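My entries follow in the order in which I looked things up.

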Amino acid sequence: MWSLLGRHKAGPHTFEALAEDETMRWTKTMRLRAKSLLRRRAVENELDDELRAHLDHTIAERVASGMTPEEARRQALLEIGGMEQVKEECRDARGWRLVADIGHDVSYGARMLRHSPGFAVVAVLTLALGIGANISMLGVVDALLVSMPAHIRAPEQLVYAGQVWKQESTVAPVLIYGQYQWLSSHCRFAELAAEESGVESSFGKGADSRRISAEYVSPNYFHVLGASMLLGRAFDAAEDQPRGSEPVVVLGYDLWQSALGGDPKVLGRTVWIGGEARTVVGVAPKGFTGAGFLGVDAWLPPHAFEGFPGFPSTSQQPPVGQLFLTVVGRLRKGVTVQQAAAELATTFPRDFVEPGSLVRVEPVFASRWKMLSSSARVSLWIAGVSLVVLLIACVNVSSLLLARMAQRRHEMAIRQHLGATRGRLMRQVLIEGLLLGAAGGAAALLVALLAQPLVRAFLLPEGFYESSFLSGRLLALAVALAALAGCASGLAPAWRASGPKLAKTLKQGERGHTREGSGLRWALVVTQIGLALLLAVGAGLFIRSLRNADTLDLGIDPNHLLQATVDLPSQEFSPAEISAAYARLSGRAKQVPGVADVALANMLTVRTEFTFTERSDSGKTLLRWTAMPRAVTPGYFAAMGMRILAGRPLLDSDTEATAPVAVVSESLARAIWPGQRPIGKCMTTGITPVCARVVGVVPDAWPTVSPGGQGRGAPAQFYIPVGQAKARGTIVPSPDGLLIRTRGETPALTRNLFAALESVSPGGRYVSIVPYTQMLDSQTRSWRLGASMFGLFGGLALVLAAIGIYGVLAFLVRQRTAEIGVRMALGATPRDVLRMVVGEGMKFAALGIALGAGAALALTRLLKSLLYGVTATDPWTFAAAAVVLALVALAACALAAWRAMRIDPNVALRHE
Amino acid sequence: MSKPTNLVQGTLAMLILKAVAAEPQHGWAIGQRIRQASGNVLRVNPGALYPTLHRLEQEGWLEASWRNSENNRRAKFYELTPEGKKFLKKEEANWERLASAIGLALKTVTSGY
């Protein structure tokens with residue numbers, strides 16, 4: 001109490017000064033402590049000398065006062081008490097005793113592990129897999145959610161501003177170019193820049209050309225992000241003008257390195273981007289990816305936007321197929337996101353707001369989890385799953401350690417009798433666990449490094465830019481995980497091994513503790529089985545989703561279907577020229593051997609829905625319906641592999657001169673003319689009220705399969721002949737792709753096609769040919785990912801759980817050898833033994849399965865939005881997972897029982 | 001002073017620091033000085049003295065060096081560091097406040113009887 005008082009009134013010191021004093025003192029004492037540790041031998045000698053000097057002084061004093069030297073010596077020794085004890089206390093006072101003891105424990109533990117290499121290898125491998133999986137997965141979490149894109153100043157000030165569709169909350173807000181231009185000159189809360197990222201383009205000319213990812217940005221983009229160029233300059237304001245300035249480009253670091261060999265004199269060089277000659281004005285620094293996380297090869301100034309509908313020069317076009325831009329802004333000093341959002345809501349002109357959308361301001365990085373793709377969200381789930389795997393690994397190692405401790409009870413008991421405290425014994429076992437954790441952690445780094453290419457390929461979004469995978473942050477995490485795993489594995493065994501019942505062990509010998517300690521081990525096994533079931537259910541749900549998605553009737557046949565596109569910038573080509581170019585490409589493609597059908601369609605990739613009016617024969621408006629229109633060439637249905645359900649397909653004879661016709665999709669027909677025959681009905685589309693007769697019905701084509709979308713039907717669609725589109729006042733953008741159905745799919749065919757198309761492509765521009773299945777694959781990627789990773793981890797968990805059950809049972813059988821021997825001698829049949837062992841194991845397996853099912857029921861709900869065509873509590877999946885687990889448990893039990901059955905009573909009874 | 005309690009141990013540290021405040025001393029001489037200064041009342045057992053000396057050295061309040069003692073034996077001499085001086089001053093002030101407080105309390109209680 002009084003020392004406390006004293007501390008409060010420490011004189012004129014301020015608190016800060018005191019704190020500073022304390023830290024200084026602390027560093028000094030640590031230094032002193034380290035010194036005495038390093039000079040251990042010298043300190044020890046000095047201690048001897050010092051105490052001897054004390055004795056000498058005492059003796060000298062006594063002798064001087066008239067005592068005999070012998071008596072003086074005797075008394076002096078008596079006064080000091082136990083010499084060794086004093087030394088021990090001095091050592092304690094120097095504070096390195098603990099360190100010395102721990103050093104001893106470590107070397108002892110290492111020796112014990114060396115003596116049972118089998119155990120050590122299994123335990124270290126188990127932990128290595130568990131920790132390694134977690135390092136990799138945390139790397140994914142780090143990349144997706146934590147790390148910031150490089151070369152951006154004060155990223156927390158960046159916001160997205162624009163409109164979002166109410167139902168699409170997972171994308172960044174967007175604006176069309178005209179709106180962006182209006183806003184950037186009227187916005188007071190932030191400086192705005194626009195970007196259109198992920199634009200596919202090409203680099204180079206002819207056969208040497210390669211695919212690149214480009215980004216259109218406003219000239220101030222680099223300035224707003226606060227990025228400086230590695231070489232050259234960013235765009236200047238003049239380059240914002242649609243025409244009149246020379247075409248320029250800023251290259252990404254990686255493209256500069258790989259395509260141009262890092263040429264230091266690259267500035268001013270002319271390169272071909274998207275078939276157009278551009279002058280290099282700058283090179284971005286290494287790792288710069290803009291505000292996004294996907295790698296960018298080239299940045300183009302906004303004159304590249306020209307020709308897109310909505311660009312100022314062509315703004316009289318209606319909003320069909322608008323190019324939407326992401327608008328990034330840097331908030332001015334002191335402005336919060338909320339203030340910015342409020343201001344945008346009041347200043348944004350009403351007639352800019354699209355029906356059904358909201359005006360939004362969102363922080364770029366704080367809200368990034370909202371904008372993750374479903375694959376990325378599955379990746380995050382898998383990261384969580386890897387924690388479960390680590391837990392199972394720890395439980396397994398814990399179980400192994402428990403078994404070892406049971407074998408070492410004698411050793412422990414003897415050490416306890418020799419005076420070791422419980423804490424000391426616990427520390428010994430814990431240190432063995434930590435040693436395993438450390439070795440496992442080191443091996444885990446290797447596992448993570450080996451798994452890195454796989455992680456990059458499967459778990460990070462396509463094109464994700466990620467520079468250094470094993471960052472310092474992750475290394476620190478690895479160390480922490482290893483320590484945690486070591487502690488977690490060692491804790492239960494340490495508690496058990498040092499228990500107070502230990503003393504009895506010496507008296508009882510081997511037989512006294514047959515069942516003792518198995519309760520804890522069974523608890524661990526139950527945990528393992530429960531966790532394994534959880535993962536098995538997760539894997540099952542994803543596998544079913546994947547199968548549902550794969551077997552879904554898409555309405556089209558994606559096999560042997562290719563899509564060919566050519567980059568034809570509209571500032572160079574008029575719509576008529578583009579149409580003519582595609583007609584030429586189409587004609588050439590038909591001549592290539594192996595090609596079955598070729599068709600052209602507009603709006604192949606851009607999905608636009610608009611309202612059209614349906615009129616009956618009497619001319620009265622009946623319905624407004626949202627549908628997806630497509631203007632196609634007559635071969636379209638054959639090329640896409642769509643069946644004609646009723647009526648006829650579009651024909652070459654449907655021209656501008658003949659009566660307008662349309663083909664509708666099944667669901668559109670059902671919605672507009674329920675219970676009626678749609679053939680011959682009249683529908684009006686577009687601006688001029690011309691009645692088009694429905695001539696055919698086709699299946700609903702399902703171009704997108706989205707997670708959580710099992711309830712959503714295919715969008716209603718209708719098809720009109722390209723040749724008739726203009727006459728009806730429907731605005732049809734130029735065709736943007738060639739659909740080619742081939743007989744078989746060989747690399748040679750694709751090569752021939754490529755050469756053939758490029759020979760007629762305007763100016764020899766790059767032709768990109770992509771299999772349709774590849775486009776669909778990217779849509780089913782999240783389920784494939786979930787199924788494979790949950791499956792992998794679930795399998796791992798299953799193996800570990802099986803080893804766990806077998807381990808405990810085998811251990812029990814070994815301990816009860818004598819008992820089983822007696823039973824058999826008394827007439828128990830091998831079948832009885834089998835029943836006993838299997839019954840015991842399966843009892844706990846059933847408990848684990850029940851608990852795991854409960855946990856799964858609670859947790860899989862959260863997966864709901866990522867599944868497809870299966871509920872999160874699908875009883876079949878749960879049942880299947882339980883059966884698989886029960887079978888694996890049964891196999892493990894049977895193996896242990898088989899060993900028990902082979903016990904020879906004669907040998908067993910003599911064994912003790 | 002064979003079995004030091006917390007209070008006594010804290011006091012012992014203060015007494016030791018005080019004993020070496022004037023000049024460096026070795027362990028035996030420190031014990032002697034405390035004994036003489038207290039009029040033979042406080043006898044410091046070596047079993048308590050040496051661990052405390054080592055602790056104070058480890059804390060950085062004392063610094064040790066080997067020198068020859070008055071009867072020409074090599075001995076480990078302890079001397080006060082600047083931090084030790086500060087600490088001693090603080091402890092002394094605390095002690096005096098406590099002692100006078102206890103004295104005051106005793107007097108008040110006695111007179112109130």
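This is a predicted model: local features need pLDDT of at least 70, side-chain atom pairs count only at pLDDT 80 or more; totals for chains, interfaces and linings use all residues.

I then looked up the geometry of the pair. Helix H7 spans residues 117-146 of chain A and helix H12 spans residues 374-407 of chain A; I find their axes 8 Å apart, at an angle of about 160°. Angles over 145 degrees count as roughly antiparallel, so H7(A) is roughly antiparallel to H12(A). Sorting the contact of H7(A) with H12(A) by residue class, I noted 23 nonpolar, 6 polar and 1 charged residues.

Next I turned to a glycine. Gly433(A) sits in helix H14 of chain A, residues 422-458. Is Gly433(A) buried or exposed? I count 27 other C-beta atoms within 10 Å of Gly433(A), and 20 or more make a residue buried, so Gly433(A) is buried. Setting aside neighbours within four places in sequence, I list its contacts as Leu401(A), Gly486(A), Cys487(A), Ser489(A) and Gly490(A). I also checked Ser398(A), which is 35 residues from Gly433(A) along the chain; the two C-alpha atoms are 8.2 Å apart.

I then looked up positive phi values. Most residues other than glycine have a negative phi. Ala154(A) has a positive phi, near 40°, and is not a glycine. I place Ala154(A) in the loop between H7 and strand E1 (158-165) of chain A. Ala154(A) has 10 other C-beta atoms within 10 Å and is exposed. His560(A) is another non-glycine with a positive phi, about 55°. I find His560(A) in the loop between helix H17 (518-550) and strand E12 (561-566) of chain A. His560(A) has 18 C-beta neighbours inside 10 Å and counts as partly exposed.

Chain totals came next. For chain A I noted 27 helices and 22 strands. Chain A has 912 residues, of which 39% count as buried. Of the contacts in chain A with a separation of 6 or more, 83% are between residues 24 or more positions apart. For chain B I noted 4 helices and 3 strands, in the order α-β-α-α-β-β-α from the N terminus. Chain B has 113 residues, and 35% of them count as buried. In chain B, 48% of the contacts between residues at least 6 apart in sequence join residues at least 24 apart.

I went on to where the chains meet. The contact takes 30 residues from chain A and 22 residues from chain B. On the side of chain A that touches chain B, at least two residues each come from helices H1 (2-8), H2 (15-38), H3 (40-64), H4 (69-80) and H5 (83-94). Which helix gives the most to this side of chain A? I find that H3(A) does, with 9 residues. By class, this side of chain A has 10 nonpolar, 10 polar and 10 charged residues.

Last, I checked confidence. Chain A has a mean pLDDT of 77, and 81% of its residues reach 70 or more.

Technical notes
Residues are numbered from 1 along each chain as its sequence is written. Chains are lettered from A and ligands numbered from 1 in the order in which they are written. A residue is buried if 20 or more other C-beta atoms lie within 10 Å of its own, exposed if 12 or fewer, and partly exposed in between; C-beta atoms are placed from the backbone. Two residues are in contact if their C-beta atoms, placed from the backbone, lie within 7 Å. Ala, Val, Leu, Ile, Met, Phe, Trp, Tyr, Cys and Pro count as nonpolar, Asp, Glu, Lys and Arg as charged, and the others, Gly among them, as polar. pLDDT is the predictor's confidence in each residue, from 0 to 100. Axes are lines fitted to C-alpha atoms, for helices over the stretch in contact, and angles run from 0 to 180 degrees between N-to-C directions. Angles under 35 degrees count as roughly parallel, over 145 as roughly antiparallel, 65 to 115 as roughly perpendicular and the rest as oblique.
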